[in-house]
Amino acid sequence: MARAKGKRRNTQSRRPVARAWRKWIIPAVIALFVIVLVVPTVLTGLNPLGGPSESSSPLPTEDMGKSQQPESLGVGAAAPGFSLENTEGETISLESLKGKPVVIAFFAPWCPHCQDEAPRLTQIHAEYGDRVHIVSISATPYGKDYGKTQSRIAPHPRITIDDLKWFKEEFGVTYPLLFDPSIEVGTAYQISSFPTTFFLDADHRIVEIFVGGRPVAEFQQALDRILSGQ
């Protein structure tokens with residue numbers, strides 16, 4: 001009898017432990033499931049290789065709309081034409097640049113990645129001289145102070161030619177900066193982040209597209225491929 005009572009007591013003492021185990025096992029399994037699914041996604045989003053997610057600034061959502069979703073434009077396509085004024089008031093068109101490869105860098109004055117890239121483009125401009133045309137086109141409606149004054153009372157400052165003049169002086173730009181306040185050219189080239197750079201051959205066919213900032217070596221490689229194919 002004593003052994004039977006002892007066995008019952010042991011069984012009863014184990015029941016709270018079993019109930020506690022069942023209470024925690026389901027949340028633990030759910031938590032593990034969430035970790036397995038979410039962590040790889042987060043780590044992928046961090047992009048340790050330094051792709052566009054770390055080296056470009058997204059187009060402000062206010063800029064987006066159906067007008068900025070034209071038909072696909074990619075490598076091999078003819079580059080859309082343009083005719084815009086630079087910071088000196090001179091008009092530069094894509095047609096006027098025909099006969100040589102062209103680098104078109106779309107930028108925003110407020111974009112830190114564009115600011116970082118400006119000296120690299122200036123270096124390329126000095127290195128390749130008159131063998132290649134390099135131009136940069138504004139592709140945002142906002143000026144250099146975008147993001148610094150965000151309130152319902154004070155709207156985002158609109159871009160002006162003075163923002164491009166500031167960018168040119170502040171970052172030592174030697175190539176033409178073209179002003180496109182209506183973003184028509186950026187729309188035609190389907191710009192969704194800055195900087196985005198198009199490489200055109202001498203016939204103004206798109207040969208390569210860089211989304212996000214790149215080292216000078218990648219610019220050199222792209223241009224050397226184009227120049228060697230002429």
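1. Let's start at phenylalanine 179. Leaving aside residues up to four places away in sequence, phenylalanine 179 touches Leu84, Glu85, Ser138, Ile159, Thr160, Ile161 and Leu164. Keep in mind as you look around that this is a predicted model.

2. Where does phenylalanine 179 lie? You'll find it in strand S6, which covers residues 177–179. Is phenylalanine 179 buried or exposed? Its relative accessible area is 18%, so it counts as buried, because the cut-off for that word is under 20%.

3. Here's a distance to check on your screen. Phenylalanine 179 and aspartate 162 are 17 residues apart along the chain, and their C-alpha atoms are separated by 9.9 Å.

4. Next, have a look at serine 136 in strand S5, which runs over residues 133–138. Which residues does serine 136 touch, if we skip those up to four places away in sequence? They are Ala105, Phe107, Tyr175, Pro176, Leu177 and Leu178. With a relative accessible area of 2%, serine 136 is buried.

5. Time to zoom out. The chain has 6 helices and 9 strands. Of its 230 residues, 39% count as buried. Its accessible surface comes to about 13500 Å², and carbon and sulfur atoms hold 58% of that.

6. How much of the contact list comes from residues 24 or more positions apart? Taking the contacts in the chain with a separation of 6 or more, such pairs account for 72%.

7. Now for some backbone details. Phenylalanine 194 and proline 195 are joined by a cis peptide bond, with omega at about -10°. Proline 195 itself sits in the loop between strand S7 (193–194) and strand S8 (196–200).

8. You'll see glutamine 190 in the loop between helix H5 (184–188) and S7. Its relative accessibility is 27%, so glutamine 190 counts as partly exposed.

9. Last stop: histidine 204, found in the loop between S8 and strand S9 (206–211). What is the phi of histidine 204? It is near 65°, a positive value in a residue other than glycine. Histidine 204 has a relative accessible area of 6%, so this loop residue is buried.

Technical notes: Residues numbered from 1 in each chain as written. Predicted model: local features only at pLDDT ≥ 70, side-chain atom pairs only at ≥ 80, totals over all residues. Heavy atoms only, no water. Helix = DSSP H or I, 4+ residues; strand = E, 2+ residues; numbered from the N terminus. Buried < 20%, exposed > 50% of the residue type's maximum accessible area, 1.4 Å probe, protein only. Contact = heavy atoms within 4.5 Å. Areas by Shrake-Rupley, 256 points an atom, 1.4 Å probe, with all protein chains shown as cover.
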